[in-house]
Amino acid sequence: MQRIRVAVSALFLLFTVALYAHGVDQNTQSFLNENEGVAFVPFLYIGSKHMITGYDHLLFLVGVIFFLYRTREILLYVSFFTIGHSITLLIGVLANMNINSYLIDAIIALSIVYKGFDNLGGFQKIFKFQPNTKAAVLIFGLFHGFGLASKLQELSFNRTGLLINLIGFNIGVELGQFIALVIVLFIITNWRRYPSFLKFSTVTNMLLMAAGFLLFGYQLVGYFNN
């Protein structure tokens, strides 16, 4: 029981830190303002940091892997998510698409709600059907990529060497995702050894839904007040 409390506390701490750290600090913005040309490694670092502190992306991933026990399944679902957000991240920035970050982040928040609801068996219990979970992860991955693109577009930086810098940012996002995934998997895998995992799985996924609705409301308030 003590180990479970430590695991849950660590997970809570991870998301609490992410909640307050998500965004771009002053030093990073200063670098971006002053940088000219190709800066592959710094953009890789910025992408990694952004993903590790991206509480919305991490909450969705927690929902995705919560009931996945096989390594092959975890890699498959994470690959779908990675393909999705990589495509739209590159397209969104390179095409200089005008993306409203509040609306995109609101959809990302709903992806968290969806995954918690899906884990609870809500679609089968209420609507008597089950969406294709792999397709859903891919589609929501596309929206998560637009979310990353919108954040990058909000930054002030020289677009010289954009493609190389963007590739570095995207690789950094994948590295950050991998680090976060390892931490989350470690916590969940250890938790699964105890009866409390199934006992509190419903509560955990209800909390995921609650967090998603909270983030959804927050983004809508930002959109209408912007």
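How many of the 226 residues in the protein chain are buried, as a percentage? Buried residues make up 49% of the chain, where buried means under 20% relative accessible area, exposed over 50% and partly exposed in between, with a 1.4 Å probe and protein chains only.

## Basis of the values

This is a predicted model, in which local features need pLDDT of at least 70 and side-chain atom pairs count only at pLDDT 80 or more, while totals for chains, interfaces and linings use all residues. Residues are numbered from 1 along each chain as its sequence is written, and side-chain values use heavy atoms, with hydrogens and water left out.

## Overall make-up

The protein chain has 10 helices and zero strands. Helices (H or I, at least four residues) and strands (E, at least two) are DSSP runs, numbered from the N terminus. Read from the N terminus, the order of elements is α-α-α-α-α-α-α-α-α-α.

Contact means heavy atoms within 4.5 Å. Of the contacts between residues at least 6 apart in sequence, 86% join residues at least 24 apart.

## Helix α4 against helix α8

Helix α4 (residues 55-65) and helix α8 (residues 133-154) have axes that come within 11 Å and cross at roughly 165 degrees. Axes are lines fitted to C-alpha atoms, for helices over the stretch in contact, and angles run from 0 to 180 degrees between N-to-C directions. The two helices are therefore roughly antiparallel to each other; angles under 35 degrees count as roughly parallel, over 145 as roughly antiparallel, 65 to 115 as roughly perpendicular and the rest as oblique.

The crossing of α4 with α8 is left-handed. A crossing is left-handed if the near helix is turned anticlockwise from the far one by less than a right angle, and right-handed if clockwise. On the α4 side the contact is formed by D56, H57, F60 and V64, and on the α8 side by V137, F140, H144 and L148. By class, the residues of this contact are five nonpolar, two polar and one charged. Ala, Val, Leu, Ile, Met, Phe, Trp, Tyr, Cys and Pro count as nonpolar, Asp, Glu, Lys and Arg as charged, and the others, Gly among them, as polar.

## Helix α4 against helix α5

Helix α5 (residues 71-94) packs with α4 at an angle of about 145 degrees, the axes being 10 Å apart. Here α4 passes its partner in a right-handed crossing. F60, L61, V64 and I65 of α4 meet I74, Y77, V78 and F81 of α5. The contact of α4 with α5 has eight nonpolar, no polar and no charged residues.

F81 lies in α5 and is buried, at a relative accessible area of 1%. Apart from neighbours within four places in sequence, F81 is in contact with M51, F60, L61, V137, G141, H144 and Q177. A135 is 54 residues from F81 along the chain, and their C-alpha atoms are separated by 9.5 Å.

## S111 in helix α6

S111 belongs to helix α6 (residues 101-119) and is buried, with a relative accessible area of 0%. Not counting residues up to four places away in sequence, S111 touches F60, F140 and H144. A polar atom of the S111 side chain lies 2.4 Å from the backbone oxygen of I108.

## P42 in helix α3

P42 is part of helix α3 (residues 40-52). At 29% relative accessibility, P42 counts as partly exposed. P42 and T28 are 14 residues apart in sequence, with a C-alpha to C-alpha distance of 9.1 Å.

Notes. Polar contact = N/O pair within 3.5 Å; in protein donor to acceptor, adjacent residues only side chain to side chain.
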